[in-house]
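User: I would like to go through the labels assigned to this model one at a time, with the criterion behind each of them. Please set each value against its cut-off before you conclude.

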Amino acid sequence: IIALFSLLAWWPLLVRFFRIFQWPEGTRTWLLAFCGWGAFLLVTATFTFLPGVLERWKFTNALVGHVHAAMGGMLTSFGMLILLTINPGPALRGILGARAPFLFWHAGCLAHVVILTAAGMIESADPRWLYQSDASADLLYSLRLVAGLMMFMASAWWFGRMLASDFQRPSMRSAA
């Protein structure tokens with residue numbers, strides 16, 4: 001538990017480190033998203049992995065929600081940040097810097113995480129809840145579908161724009 005809580009001290013150090021780096025134009029929103037999801041993960045992990053909570057949440061949707069915050073939120077933001085750093089051209093900046101898909105992705109991901117966590121909390125209190133005919137389970141899973149569709153729409157928009165554009169690919173310098 002002490003080791004887990006010690007991670008909270010690393011987040012401000014990481015943010016401070018990121019501030020001294022000179023990021024290419026157009027990376028700020030993805031950098032902020034990466035740092036935001038990282039902070040969210042650290043704060044929620046300090047609660048999630050406490051004794052008593054982890055035992056109840058293990059093998060439930062709540063832990064799956066935490067993983068979605070890491071993969072869909074933080075890792076996606078990091079991946080976009082890397083893409084924009086290795087290829088800071090205006091075409092890619094225009095595609096990945098578009099506001100609507102950015103907001104759709106993160107709103108959908110956050111909704112996904114919150115819905116899964118809520119389902120996991122209910123599930124941990126009554127493991128039969130998920131396997132019974134329950135309107136609340138149907139509602140949560142319907143909302144989860146909407147959140148997933150929001151994320152799909154954003155990624156489809158990015159993918160479609162990437163296929164339609166002729167953005168400059170990073171040049172590979174020869175070692176010779």
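User: Why is Arg56 called partly exposed?

Analyst: Buried means under 20% relative accessible area, exposed means over 50%, and partly exposed is in between (1.4 Å probe, protein chains only); Arg56 has 46% relative accessibility and therefore counts as partly exposed. This residue lies in helix α3, residues 53-57, where helices are DSSP runs of H or I with at least four residues, numbered from the N terminus. The C-alpha atoms of Arg56 and Ala9 are separated by 27 Å, the two residues being 47 apart along the chain.

User: What should be kept in mind about the origin of these values?

Analyst: This is a predicted model, in which local features need pLDDT of at least 70 and side-chain atom pairs count only at pLDDT 80 or more, while totals for chains, interfaces and linings use all residues. Residues are numbered from 1 along each chain as its sequence is written, and side-chain values use heavy atoms, with hydrogens and water left out.

User: How do you know that the span of helix α7 agrees with its number of residues?

Analyst: The expected span of a helix is 1.5 Å times one less than its number of residues. Helix α7 has 30 residues (135-164) and should therefore span 44 Å, and its end C-alpha atoms are 43 Å apart, which agrees.

User: Which residues of α7 are buried, and what do they pack against?

Analyst: The buried residues of α7 are Ala137, Leu140, Ala147, Met151, Ala154 and Trp158. They pack against α2 (28-48), α4 (61-86), α5 (90-96) and α6 (99-125), where contact means heavy atoms within 4.5 Å.

User: What makes Arg93 and Glu25 a salt bridge?

Analyst: A salt bridge is a side-chain nitrogen of Lys or Arg within 4 Å of a carboxyl oxygen of Asp or Glu, and the side chains of Arg93 and Glu25 meet at 4.0 Å, N to O. The pair links distant parts of the chain, with Arg93 in helix α5 and Glu25 in the loop between α1 (2-20) and α2, 68 residues apart. Arg93, with a relative accessible area of 23%, is therefore partly exposed, whereas Glu25, at 59%, is exposed.

User: How many salt bridges are there in the whole structure?

Analyst: A search of the whole structure finds 2 salt bridges. One of them joins the side chains of Asp126 and Arg128 at 3.3 Å, N to O. Asp126 counts as partly exposed because its relative accessibility is 25%, while Arg128 is exposed, with a relative accessible area of 56%.

User: Why is the aromatic pair of Phe17 and Phe18 called tilted?

Analyst: Rings of Phe, Tyr and Trp (its six-membered ring) pair if their centres lie within 6.5 Å, and planes under 30 degrees apart count as stacked, over 60 as edge-to-face and the rest as tilted. By this rule the count comes to 10 aromatic pairs. Among them, Phe17 and Phe18 lie 6.0 Å centre to centre with 45 degrees between the planes, and the pair is tilted. Phe18 counts as buried because its relative accessibility is 12%.

User: What makes the pair of Phe21 and Trp23 edge-to-face?

Analyst: The centres of Phe21 and Trp23 are 4.6 Å apart and their planes stand at 70 degrees, so the pair is edge-to-face under the angle rule. Phe21, with a relative accessible area of 43%, is partly exposed, and Trp23, at 24%, is also partly exposed. Ring pairs link Phe17, Phe18, Phe21, Trp23, Phe34 and Phe78 into a cluster.

Definitions and conventions: Helix = DSSP H or I, 4+ residues; strand = E, 2+ residues; numbered from the N terminus.
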